[in-house]
Amino acid sequence: MAIRRIRELGDDCLRKVCRPVKEMNRRTKILIEDMLDTMYLSDGVGLAAPQVGILKQIVVIDVGDGAVILINPEIIESDGEQTGSEGCLSVPGKAGNVTRPNHVIVRALNENMEEIEVEGTELLARAMCHEIDHLHGIMYTDKVEGDLYEVTNEEEE
């Protein structure tokens, strides 16, 4: 499909609350495909629609187990705690330590607008929390413990 421009920290779009998706149409299907292509080309594990300038509640995630598409996602359960290095395609070259739940259950719609629940631990839980935050105008930099630091090429891989 197409590669979309990723908005970077400071872009107003990243601080806005996204609208729920009411129906699946051709434009939304193309957006999802474009988001996946953009995420993979950028070597990311997740991407939210506002990161490509679209204020819709859509996230795509792939932590190595295949793509997960979440439309209108909501965390319905979380427990445990993990603190670790986190980065973002909208904050290139930087990372910081963030504490997130170690386990979450997310209720959402899939690309067929069917209700699903996705359960995740560790990296998947972190990615779901990170991307859902984007839909509410929250950046990981708001939650960083300490300072952001430069990420080297070896750390990004």
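Mentor: A salt bridge is a side-chain nitrogen of Lys or Arg within 4 Å of a carboxyl oxygen of Asp or Glu. Keep that cut-off in mind, and note that this is a predicted model.

Trainee: How many salt bridges does the rule count?

Mentor: The rule asks for a nitrogen and a carboxyl oxygen within 4 Å. Arg 7 and Asp 11 meet it, with N to O at 3.2 Å. Over the structure, the count comes to 10 salt bridges.

Trainee: Which side chain meets Asp 142 in a salt bridge?

Mentor: Asp 142 sits in the loop between helix 2 (122-134) and strand 8 (145-150). Its partner is in the segment before helix 1 (26-41), 127 residues apart from it. The N to O distance is 2.6 Å, and the partner is Arg 15.

Trainee: Is Arg 15 buried, partly exposed or exposed?

Mentor: Buried means under 20% relative accessible area and exposed means over 50%, with partly exposed in between. Asp 142 has 43%, which makes it partly exposed. Arg 15 has 40% relative accessibility, so Arg 15 counts as partly exposed.

Trainee: How many residues apart in sequence are the parts tied together by Glu 86 and Arg 126?

Mentor: The side chains of Glu 86 and Arg 126 meet in a salt bridge of 2.5 Å, N to O. Glu 86 lies in strand 4 (residues 82-87), while Arg 126 lies in helix 2. The pair therefore ties together parts that are apart in sequence by 40 residues.

Trainee: Is Glu 86 buried or exposed?

Mentor: The cut-off for buried is under 20% relative accessible area. Arg 126 has 7% and counts as buried. Glu 86 has a relative accessible area of 4%, so Glu 86 is buried.

Trainee: What pattern does the chain follow along the sequence?

Mentor: Start with the parts: three helices and eight strands. Read along the sequence, they give α-β-β-β-β-β-β-β-α-β-α.

Trainee: What is the radius of gyration of the chain?

Mentor: The globule rule gives 15 Å for 157 residues. The chain comes close to that, so it is as compact as a globular protein of that length. Its radius of gyration is 15 Å.

Trainee: What share of the 157 residues is buried?

Mentor: Count residues under 20% relative accessible area. In this chain, buried residues make up 45%.

How values were computed
Residues numbered from 1 in each chain as written. Predicted model: local features only at pLDDT ≥ 70, side-chain atom pairs only at ≥ 80, totals over all residues. Heavy atoms only, no water. Helix = DSSP H or I, 4+ residues; strand = E, 2+ residues; numbered from the N terminus. Rg over C-alpha atoms; globule rule 2.2 N^0.38 Å. Buried < 20%, exposed > 50% of the residue type's maximum accessible area, 1.4 Å probe, protein only.
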